[in-house]
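Welcome! Please take a look at the model below, and then read on for a short tour of its metal site and its core.

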Amino acid sequence: MHRPPAMFIADSLGLDFLNSVATPVDTPVDWIDDGDGLIDWLSQAKLVPADELDALKADARPGELDEVADQARALREWFRKFVLEHAGRPLTAKALHELGPLNSILERDEAFLQIVPRHGEEGLALQRMRRWRSPESLLLPVGEALAKFVCEEDFANVKACEGHNCTMLFADHTHRRARRWCVMAVCGNRAKQAAHRSRLKSRQ
Ligand SMILES: [Zn+2]
């Protein structure tokens, strides 16, 4: 199935994951509607190293990656409900009791540290890595991105694009918190044109 490049416009990977289903032009696109789509999205999001994705793809049973994509979409829609419910004001510790499904993904993580050569220079660096034992481990970096979003993003900055029928969410990090659109060239211009048309009409 042909999909346009995934969109990373949210200024937050956790919200970009929610935007992995969207209507960039006229037709809705779900970038993770099957296993191949999930692999592509994770690669574009740089959440899993390319060689690990290739290895998981080569070793997967038929249909196994599609099942993980099902789980990823279920996680996405569960998380969307959580975000929409809490967007617009700072998150408090009271929200913790709703986050059980996310904590149980984090609990399965197999991250570890390794000493590696420092990139591009002399010396050594400590690098965090992860064991990719099964296709289900593809959910671990997604869970981590969602958890970081929950713990580090100010939910007061979480906004929905004002575009008509647009479902995209983003974190507004602009100086005056004035961001209104997912992508100015898409929803911003559409809204401007609509306003222009209605001004012309009212003059007639
Ligand atoms: Zn939009």
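Buried means under 20% relative accessible area, exposed means over 50%, and partly exposed lies in between (1.4 Å probe, protein chains only). This is a predicted model, in which local features need pLDDT of at least 70 and side-chain atom pairs count only at pLDDT 80 or more, while totals for chains, interfaces and linings use all residues. Residues are numbered from 1 along each chain as its sequence is written, and side-chain values use heavy atoms, with hydrogens and water left out.

**The zinc site**

- The zinc ion has four protein donors, the SG atoms of Cys 161, Cys 166, Cys 182 and Cys 187, at 2.2 to 2.3 Å. Donors are N, O and S atoms within 2.8 Å of the metal (3.2 Å for Na, K and Ca); water is not among the atoms, so sites may look incomplete.
- Along the sequence, these donor residues follow the spacing C-x4-C-x15-C-x4-C.
- Cys 166 sits in the loop between strand S5 (158-160) and strand S6 (169-171), and Cys 182, 16 residues apart from it, in the loop between S6 and helix H7 (184-203), so the pair links distant parts of the chain. Helices (H or I, at least four residues) and strands (E, at least two) are DSSP runs, numbered from the N terminus.
- Cys 166 counts as buried because its relative accessibility is 18%.
- Cys 182 is buried too, at 7%, and so is Cys 187, at 4%.

- How many disulfides does a search of the whole structure find? The search finds zero, where a disulfide is a pair of cysteine sulfur atoms within 2.5 Å.

**Helix H2**

- Helix H2 (residues 35-44) has these buried residues: Gly 35, Gly 37, Leu 38, Ile 39, Trp 41 and Leu 42.
- They pack against helices H1 (13-18), H3 (50-59), H4 (64-86) and H6 (139-152).
- After H2 comes Lys 46, with a positive phi near 55°.

**The nonpolar core**

- The largest nonpolar core has 53 residues, and Leu 15, Trp 41, Leu 42, Phe 79, Val 83 and Leu 138 have the most contacts inside it. Such a core is a set of buried Ala, Val, Leu, Ile, Met, Phe, Trp, Tyr and Cys residues joined through side-chain atoms within 4.5 Å.
- H4 gives the largest share of this core, eight residues.
- Leaving aside neighbours within four places in sequence, Leu 15 is in contact (heavy atoms within 4.5 Å) with residues including Val 83, Phe 149 and Leu 169.
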